[in-house]
Amino acid sequence: MTAKDEIKKSFLASIWFMFLTFPLMVIKVNTVTDTVEWRWHNMVLVGIGAFFLSMLWRYLLKRQADGSKKEKKEGPGIIQRLLQKKELTLPGIIIIGCFTLLFPHIFSMYQTNIMISALIYVMLGLGLNIVIGLAGLLDLGYVAFFAVGAYSYALLNLHYGVVFWIALPLGGLLAALFGIILGYPVLRLRGDYLAIVTLGFGEIIRLVLENWNEFSFGPSGIANIPKPGLPGTDLSLQGSTIFIFYIIVALVIFTIFVINRLENSRIGRAWIALKDDEIACQSMGINKAKTKLRAFALGATWAGMGGVVFAAKTTFINPASFTIWESVIILCTVVLGGMGSIAGVISGALLLILLPEYLRDFGQFRMITFGAVLVLMMVFRPGGMIENVRKTYKFEKN
Amino acid sequence: MKPILEVKNMTMDFGGLRAIDSLDLYINKGEIVALIGPNGAGKTTFFNCITGIYTPTSGDVLINPQGKQERINGLKTNIVTRKGLARTFQNIRLFTSMTVLENVMVGCHAVTHTGVMGAIFRGKSTLAEEKFIVEKSYEILKKIGLEKYVDELAVNLPYGAQRLLEIARAMATDPFLLLLDEPAAGMNPQETAELDELILKIRDNEGISILLIEHDMKLVMSLSERIYVVDYGKKIGEGVPEEIRNNPVVIKAYLGEEIDA
Ligand SMILES: Nc1ncnc2c1ncn2[C@@H]1O[C@H](COP(=O)(O)OP(=O)(O)O)[C@@H](O)[C@H]1O
Ligand SMILES: [Mg+2]
């Protein structure tokens, strides 16, 4: 396409945008004086802005197209290469480990709390990554399992005095059970259909929690959920926050450990095979139903445990914490970070949760930015920030 | 001895379309048999019916790997694979986000057992099994001649190599019968000649019988001991290559000019 065409297209786009935003950006009714203000300068700005953005977009698209034509299999990116360097692994772990251990002592309680939230999302992202990144099942109701975990702890504690340490595995188990309950009826569904049904499932759980007052105390939620205790000690508020921080760090490490092992096992390979091609996967002797249910259950487990920690951290939960938006954010962390890649999902979650916290002013544009970033990612870097690299094996070549 | 695969009177309807019409077919142990016919004759559908991807409208599929005949129609695809029927796909269906080796490793799924707990704890038996899978897969790749690609992503392979990888992956399921759907499609004459050798080797060295769908008449005539010809879902001819070459119905329906091939 010639440059002239490009300019023409961008020009049309800018006119279209001026027209679209005309009622919002140009006309302003002054209700005090009952007059209409015409803010023509806004229109000019929209026009110029749209023109340049459209040019930029086209330029990027073109570069993208050229790039894919030239060389499809450029090697792994710089981050992957760093991750693969064996001699960097140990120092890397030590640095990250020390930083994490010292974090609550260096930074304020406020920051520690934010970090706890972010780490909960890391856990959720890693769990959802099993379902979406590995098994390729688009689950938009994932937050339901988070809710199951949180309410398991809150209710079991309220009625039976179950302590955090017992509730943690129980919450995970119950969430896994719900994963199977959800998974069973959707075994035959794929792609968009699966997404819609799981979305509905998430909303059902939330609506039940909101309306079944006798069971869940409705929108007013459950308060005074105890923080996890250490037997024999009485933790101060600060002490218990630090304690929760270490608990969630330990859980994240545990999650990474387990998921890494699953991914590089017979089970993980079956998931990826299922994602890549359902028919070929079954032709390899893999039971599709079992593989899907496993993914749903094992994905939900982490959300359940994350929910227990969440309830313990906030000491108060209500259905408002478990809306569809949470599912969307968790999904974003997985997609942004890099589907199927553990390091990718971790950085995706940290970025998406921490950035808005520190760029507060930016808060109202958060969703728009998410959307824009995701669209750009999908077009220009569909593998995510840190793309998954498959394991290789050593042989004595004889 | 009863044939290792016996299909009796199979019919498959898609709504009003009869894709397979009362077809009978058998394969003896150690045979290489070809199934030929024009495009749309129902050959791929026939594979899909045997392997449980479709359930045939009527008819029977019987296998007999170890001297005991067994009905397999109506069974799920993954069960059929476990019973020892493996296949390749006409429109290549590799696991694109995995390496060549991993593609074959997935094929070992049917003959291994590690579960979730085994995968997490990675105990002795899991490690042993994992080692077995890797070594077995590498062995198969060597037999097929793909070992130089082990760590390559499957999608990055040249077309001919992708077809071979489909065969390697199928072999990893330890089949007694291999169903190949147009394995030479898209290959150049050199690759086809190598494929000819390879298929013979698989039969002779591995003892795997072969049912082959193929359009390349040279390959079909040189490899197969018997040939079935189908058209519009019906069997229109059957016999050794010489008979097929000289069968007027077959010539009219299909072979046409290629009769001298
Ligand atoms: N899933 C399906 N639904 C409807 N028609 C089908 C389906 N699969 C195959 N067919 C039809 O069955 C006939 C045989 O197709 P196929 O087995 O692919 O032929 P071949 O492999 O011999 O070229 C074709 O007319 C095709 O359109
Ligand atoms: Mg076909």
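## Ground rules

This is a predicted model, so to speak with caveats attached: local features need pLDDT of at least 70, side-chain atom pairs count only at pLDDT 80 or more, and totals for chains, interfaces and linings use all residues. Residues are numbered from 1 along each chain as its sequence is written, chains are lettered from A and ligands numbered from 1 in the order in which they are written, and side-chain values use heavy atoms, with hydrogens and water left out.

## Inside chain B

Chain B splits into domain 1 (1-84 + 176-261) and domain 2 (92-174), with bounds from an automatic or database domain assignment. Their C-alpha centres are 26 Å apart. Counting contact as heavy atoms within 4.5 Å, 19 residues of domain 1 and 13 residues of domain 2 take part.

The two domains bury about 1,200 Å² between them, 68% of it on carbon and sulfur atoms; buried area is the accessible area (1.4 Å probe) that two parts lose on being put together, summed over both. On the domain 1 side, B:Arg82, B:Leu198 and B:Glu206 lose the most area, together 31% of what that side buries. B:Glu206 also forms a salt bridge with B:Lys143 (3.4 Å, N to O), where the rule asks for a side-chain nitrogen of Lys or Arg within 4 Å of a carboxyl oxygen of Asp or Glu. The rule finds one salt bridge across this domain interface.

## Around ligand 1

Ligand 1 has 13 residues around it, and B:Gly40, B:Lys43, B:Thr44, B:Thr45 and B:Tyr54 come nearest; the cut-off is a heavy atom within 4 Å. B:Thr44 uses a polar side-chain atom instead, 2.7 Å from a ligand oxygen.

## Chain A meets chain B

Here the contact takes 35 residues from chain A and 43 residues from chain B, and the pair buries about 3,600 Å², 59% of it on carbon and sulfur atoms. A:Arg266, A:Arg269 and A:Met284 supply 23% of the area on the chain A side, more than any other three residues.

Two salt bridges turn up across the chain interface. A:Arg269 pairs with B:Glu130 in a salt bridge at 2.8 Å, N to O.

Terms used. Polar contact = N/O pair within 3.5 Å; in protein donor to acceptor, adjacent residues only side chain to side chain.
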